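Please examine the structure shown below.

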Amino acid sequence: MILTPKIQKAINEAARLHHEQKRKGDGLPYVVHLFSVAVILSNYTNDEDIIAAGLLHDTIEDVPGYTKEELEKDFGKRVAEIVEGVTEEKFIGQNEKATWRNRKEGYLEKLQQDSEEAMLVCAADKIHNLDSMIDGIKLQGEKYWSNFNSSAEGKLWFYEEVFKILKGRLNSSIVNELEQSINKAKEVLNEQ
């Protein structure tokens, strides 16, 4: 990865926006995930907008008050559209909070129409989430699942559905890495 001014700005902004957030499961600073997603993406592209979107992919979803419009003003329309493509809807209609399953089903629906750039970010995000899950299970065993709104079976269902969509729509070897991460997760879960 080449550290362009835009990527540096995205690193800085991701660190600033997520500075108080921690990862579920391991308690690490949230930016660990964002930086990891960017590194995974850099193995498949050197497009600075895609890498910047990887660094910023959870801003609209997880940073209260930070909007797509602000993201577009700060990083351009293309980065904002990529991030919007991988953003889960947290509400049904105006006020009703969506359940975990509702959010995931909505994400899968949107993924079937997403751009290639958004699908790359999606794949990198899921690869790192799966790898973190594997590490968490190895370190904490069953206790790991108390940090989440979903069971192991639910998470695997979601990642397998993401994989099916990406396998049919995305022409990139990142899809193979995602499949490998899913298979490793299955092995670790079967050992439990």
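Lys6 touches Glu48, Asp49, Ala52, Phe75 and Val79, residues up to four places away in sequence being left out of account. The model in which these contacts are found is a predicted one. Lys6 itself lies in helix H1, which spans residues 5-17. With a relative accessible area of 22%, Lys6 is partly exposed; the category applies because buried residues are those under 20% and exposed residues those over 50%. Between the C-alpha atoms of Lys6 and Glu109 there is a separation of 30 Å, the two residues being 103 residues apart along the chain.

When residues up to four places away in sequence are set aside, Lys68 touches Ile60, Ala80, Glu81 and Glu84. Tyr30 is 38 residues from Lys68 along the chain, and the C-alpha atoms of this pair are 20 Å apart.

The description now turns to the interior. In soluble globular proteins, nonpolar side chains tend to be buried together. In this model, the largest nonpolar core comprises 61 residues, and Leu56, Val162, Leu166 and Ile174 are those with the most contacts inside it. Helix H8, residues 116-140, supplies the largest share of this core, namely 12 residues.

Which residues are in contact with Ile174, leaving aside its neighbours within four places in sequence? They are Ile40, Tyr44, Leu120, Ala123, Ala124 and Ile127. Ile174 is also one of the residues with the most contacts inside the core.

Notes: Residues are numbered from 1 along each chain as its sequence is written. This is a predicted model: local features need pLDDT of at least 70, side-chain atom pairs count only at pLDDT 80 or more; totals for chains, interfaces and linings use all residues. Side-chain values use heavy atoms; hydrogens and water are left out. Helices (H or I, at least four residues) and strands (E, at least two) are DSSP runs, numbered from the N terminus. Buried means under 20% relative accessible area, exposed over 50%, partly exposed in between (1.4 Å probe, protein chains only). Contact means heavy atoms within 4.5 Å. A nonpolar core is a set of buried Ala, Val, Leu, Ile, Met, Phe, Trp, Tyr and Cys residues joined through side-chain atoms within 4.5 Å.
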